[in-house]
Amino acid sequence: MLQIYTGNGKGKTTAALGLSLRAAGAGFRVFFAQMMKNTHTSELESLKLLGDRITVKRFGTGEFIVETPTVKDFECAEQAFAAIEEAALSGQFQMVVADEMCTALYYELINRDNLLLLIKNCPPTTELIFTGRYADEEMIGIADLVTEMREVKHCYQKNVPARKGIEF
C-alpha cells in the first residue's frame, strides 16, 4: 500500500519514523530515504541502533530550496529516486520510506511518470511511505492512506528555536 503524510504542520517525518520503528519491531526490514535533507538530526542516532533492520540513506544539499532548485538539488533527487526505486523493487524491504517525496515532486525534482511506474510495480509485500508538503491530488488519489498535518500552533511563532531531540 501507499501511505502519504503531508501538510504544513509538524510531524510528517516523525510519523514515518514511528512507522519504521513499528515495522522493525515486527521483524520487517525498512529502507528509510531522506530526500532533500543532509543535516544531522537526532533520529539518526536512534536509527543507528536498529541498523540491522533499518537502512538509512540521505540525499540532499543541506540547503532549503528557496525559489528555484539548483543543479545539485536535481542530482541529489535523481540519486535518491534511484536508491528508493532499487529498494522498493528489490523485495528485500517490507517498508520503503521516501521522506520528502511529495516536496520533491512539487519542485519537479523527480519525474512523475517514473514515480507512478514505481508505485505500480512495487511488490504487494512492500509498504511505500511518502512524506512532505504539497502532496498533489493525483498522489492523494492513488494513495491508500493519506494524513494531512495541519499547523494550528507552533513554538516557532514565539521565536523558540528548534530544539535538539524535539525538532531535530
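## A polar contact at threonine 103

A polar contact is a pair of N or O atoms within 3.5 Å; within protein, one must be able to donate a hydrogen and the other to accept it. In this predicted model, the side chains of threonine 103 and glutamate 100 form such a contact, at 2.7 Å.

Threonine 103 sits in helix α4, which covers residues 101-106. Is threonine 103 buried or exposed? Its relative accessible area is 7%, under the 20% limit, so threonine 103 counts as buried. Setting aside neighbours within four places in sequence, threonine 103 touches Met36, Thr131, Gly132, Arg133 and Tyr134.

## The sheet

The model holds an open sheet of 6 strands. Their order is β3-β2-β4-β5-β1-β6, and the pairing is parallel. Two strands stand at the edges: β3 and β6 (145-148). Each has a single partner strand, so one side of each is left without a neighbour in the sheet. From one strand to the next, the twist averages 10°.

Strands of a sheet pair through backbone hydrogen bonds, either parallel or antiparallel. Here, strand β2 (residues 30-35) and strand β3 (residues 54-59) run parallel, joined by 6 bridges. Within that pair, glutamine 34 has arginine 58 of β3 as its bridge partner. How does the chain get from β2 to β3, and with which hand? The path goes through helix α2 (residues 43-49), and this β-α-β crossover is right-handed.

Threonine 6 stands opposite glutamate 148 in β6.

## Helices on the sheet

Helix α1 (residues 12-25) packs on the sheet. Helix α1 touches β1, β2, β3, β4 and β5. The direction of α1 makes about 165° with that of β2.

Helix α3 lies across β2, β3, β4 and β5. Helix α3 also runs at about 165° to β2.

## Inside helix α3

Helix α3 (residues 71-90) has 20 residues. From first C-alpha to last, α3 reaches 29 Å, close to the 28 Å expected at 1.5 Å a residue. After α3 comes glycine 91, whose phi is positive, near 80°.

Which residues of α3 are buried? They are Asp73, Cys76, Ala77, Ala80, Phe81, Ala83, Ile84, Ala87 and Ala88. An α-helix has 3.6 residues a turn, so residues three or four places apart point the same way. The cover over the buried residues of α3 includes β2, β3, β4 (95-99), α4, α5 (112-121) and β5 (127-131).

Alanine 80 belongs to helix α3. Its relative accessible area is 0%, so alanine 80 is buried. Beyond neighbours within four places in sequence, alanine 80 is in contact with Met35 and Phe59. Alanine 80 and glutamine 34 are 46 residues apart in sequence. In space, their C-alpha atoms are 7.8 Å apart.

Glutamate 108 is not a glycine, yet its phi is positive, about 60°. Where is glutamate 108? It lies in the loop between α4 and α5. Its relative accessibility is 62%, over the 50% limit, so glutamate 108 counts as exposed.

Asparagine 159 is not a glycine either, and its phi is positive at about 60°. Asparagine 159 is found in the segment after β6. With 69% relative accessibility, asparagine 159 counts as exposed.

Terms used
Residues are numbered from 1 along each chain as its sequence is written. This is a predicted model: local features need pLDDT of at least 70, side-chain atom pairs count only at pLDDT 80 or more; totals for chains, interfaces and linings use all residues. Side-chain values use heavy atoms; hydrogens and water are left out. Helices (H or I, at least four residues) and strands (E, at least two) are DSSP runs, numbered from the N terminus. Buried means under 20% relative accessible area, exposed over 50%, partly exposed in between (1.4 Å probe, protein chains only). Contact means heavy atoms within 4.5 Å. Two strands pair if DSSP finds at least two bridges between them. A crossover is right-handed if, with the strands pointing away from the viewer, the path from the first strand over the helix to the second runs clockwise. The expected span of a helix is 1.5 Å times one less than its number of residues. Axes are lines fitted to C-alpha atoms, for helices over the stretch in contact, and angles run from 0 to 180 degrees between N-to-C directions.
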